[in-house]
Each structure stands twice: as structure tokens, then as C-alpha cells.
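Please keep the sequence and the structure in view while reading.

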Amino acid sequence: MLLKKYVLLGLIFISVSAVAGNIDYQVNDESYQGYFVSTAQNAPLILLIHDWDGLTDYEIKRANMLAEEGYAVFAADLFGKGVRPTEDKDKKQHTGELYQDRQKMRQLVKGALDKAAELGANRQQTVVIGYCFGGAAALEMARSGVDLQGVVSFHGGLKTPQGQDYADSSTEILIMHGAADKAISMQEFAELSKELEAFNVPNEMIAYGGADHAFTVFGIDRYHAEADKKSWQRLLQFLDEKRSE
């Protein structure tokens, strides 16, 4: 069957019930551009947070893959519309600014959640997923105590900032980490495990042998096909568990 396409309010309707497109939105009077895709009205929401490259084709591909599973996915933008750094020094600058201003990081994620709800996603069933820097941002939201069904980190930053803890966390946390990660050590992995247990936070932490940092990113030399496949399947299981709650 041929797919008809219509442009309406910035969204492309690729079938009677599917929408996909870039979304401009404002947080604290600053401009951001995310990507929204959904195959059904009021579908469970997945907020997807990018790595230090900013929102790129990688996150869009992952968002489309999740939409095919029946979710409404909003790939958030935490850097600003048009800010997609290509040099490491610029990536460090943009992530560093948010690491130093955790309140702003939380506001940006909250703003993206609010925008996704406006677009028709089911905010009552929400899981936040993050990659690398985005994983750290996802854990930030867990510590904030915001109402979520789950938080998932793929090869994300695991350190808890000074002065923070998981006392207010009310959501289940799934960590998927590369055991051979040279950027985020297994010691940090173990320390987070101890902290989550100390605060009775429901959690599952998986370390994939042989997998380095960014093991899910297609096309790079650190891509680890087996770890990517296993972690993706565990993600889908986790999401299905949350959808049935």
C-alpha cells in the first residue's frame, strides 16, 4: 500500500496514524529542536536523550525503531536549535555547561517532557532513555524524583554529583554498560550499584564483556554488535514490562 504524506504543524503524516518530524520548542525562552515520532495517539512516551554530539541521525534512527514497537518517542534537544557540535572541544563545552548547571539540565528535560505531552504522547506512561551524556541526564531525572515509569542508560555517565543522592528516586533504573569501557570504569559501575541499593532504588545493572564506550553506535570502531543486540532486546523487554503495568 502506498504511503501518503501530509505536512501539518511541522509533522509529516506517513500513514493514517503515524507522524514523524522535527519539532521546534522553547524552554526558558530559548529555542530547541527535537524530533517526534509516533504510530498511535496517546501511545506510551519514550523521551530519548542524545549523546555529546547533540541530536543527530543516530537518535532519530533509534526513535524510529522504538516507534515501530508502538511507542511515541520524543528525541530531546539539550544543546539548542542548530547546535550540533562536530569538534570534541565544542562537545565538551556544551556538555560541561550542563554538568555544571544541573538545574538547567533538569529544566531542559522537563521542558521536553512537557512538549511531548502536548504532541499527544501518554505522559502517564513515560520512560527516559539516554546515550552517553544522555545517560547521565536520564539519571539526573531519576534523582530529581520526577514521575517516571523507568530510566534507562546506555553507556552513560554514572557518577552522582556532589551533594546529590537517590533519596527522592521513585523509578526503576536499568543500566547497560560496557565492561571494557575506557571512559566510565567498572568501579563507577559498582559504586552506583551500591548507592542504588543503599537507597532501595529498584534497579538492574548489566555489564557486557568486551564492549567499550558507545558500544551501540552504528558505524564506529567501538560498535559491538552482540552487546548492541542484547541490550536492545533487554530494553524492549523492559519497556514491555512498563507498558503492562
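## The largest cavity

The largest cavity is lined by P44, L45, I46, Y71, Q125, T126, V127, Q149, L239, K242 and R243. On a 1 Å grid over the protein atoms alone, a cavity is a set of points where a 1.4 Å probe fits but cannot get out, and lining residues have an atom within 4 Å of a point. The model is a predicted one, in which local features need pLDDT of at least 70 and side-chain atom pairs count only at pLDDT 80 or more, while totals for chains, interfaces and linings use all residues. Residues are numbered from 1 along each chain as its sequence is written, and side-chain values use heavy atoms, with hydrogens and water left out.

The structure holds one cavity of 30 Å³ or more, and the volume of the largest cavity is about 60 Å³, a volume being the space filled by probe spheres set on grid points that are joined across faces, edges and corners. Three elements, β5 (44-49), β7 (122-131) and α6 (225-243), each supply at least two residues of this lining; helices (H or I, at least four residues) and strands (E, at least two) are DSSP runs, numbered from the N terminus. By class, the lining of the largest cavity has six nonpolar, three polar and two charged residues, where Ala, Val, Leu, Ile, Met, Phe, Trp, Tyr, Cys and Pro count as nonpolar, Asp, Glu, Lys and Arg as charged, and the others, Gly among them, as polar.

## The largest pocket

A pocket is an open set of grid points with protein on both sides within 12 Å along at least five of seven lines. The largest pocket holds about 610 Å³ of space and has a lining of 23 residues, of which Y99, C132, F133, I184 and H213 lie nearest its centre.

Helices α2 (88-100) and α4 (133-144) each supply at least two residues of the pocket lining, and the largest share, three residues, comes from α4. The lining of the largest pocket divides into 11 nonpolar, five polar and seven charged residues.

Two strands pair if DSSP finds at least two bridges between them. Strand β4 (residues 30-38) pairs with β6 in the antiparallel sense over three bridges, and F36 stands opposite F74 in β6. The pairing of β5 and β6 is parallel, over four bridges, and L45 has A72 in β6 as its bridge partner. From β5 the chain crosses through helix α1 (residues 57-67) to β6 in a right-handed β-α-β crossover, right-handed meaning that, with the strands pointing away from the viewer, the path from the first strand over the helix to the second runs clockwise.

## Strand β9 and its partners

Six of the seven residues of strand β9 (residues 172-178) are buried. Strand β8 (residues 150-154) runs parallel to β9 and is joined to it by five bridges, with F154 opposite M176 in β9.

β9 also pairs with β10 in the parallel sense, over six bridges, and the bridge partner of H177 in β10 is A207. Together, β9, helix α5 (residues 186-198) and β10 make a right-handed β-α-β unit.

## Aromatic pairs

The whole structure has 10 aromatic pairs; rings of Phe, Tyr and Trp (its six-membered ring) pair if their centres lie within 6.5 Å, and planes under 30 degrees apart count as stacked, over 60 as edge-to-face and the rest as tilted. The pair of Y58 and F218 is tilted, because the ring centres are 5.7 Å apart and the planes stand at 55°. Y58 lies in helix α1 and F218 in the loop between β10 (203-208) and α6, so the pair ties together parts that are 160 residues apart in sequence.

Y58 is buried at a relative accessible area of 10%, whereas F218 is partly exposed at 32%. Ring pairs link Y58, Y131, F154, F218 and Y223 into a cluster.

Conventions: Buried < 20%, exposed > 50% of the residue type's maximum accessible area, 1.4 Å probe, protein only.
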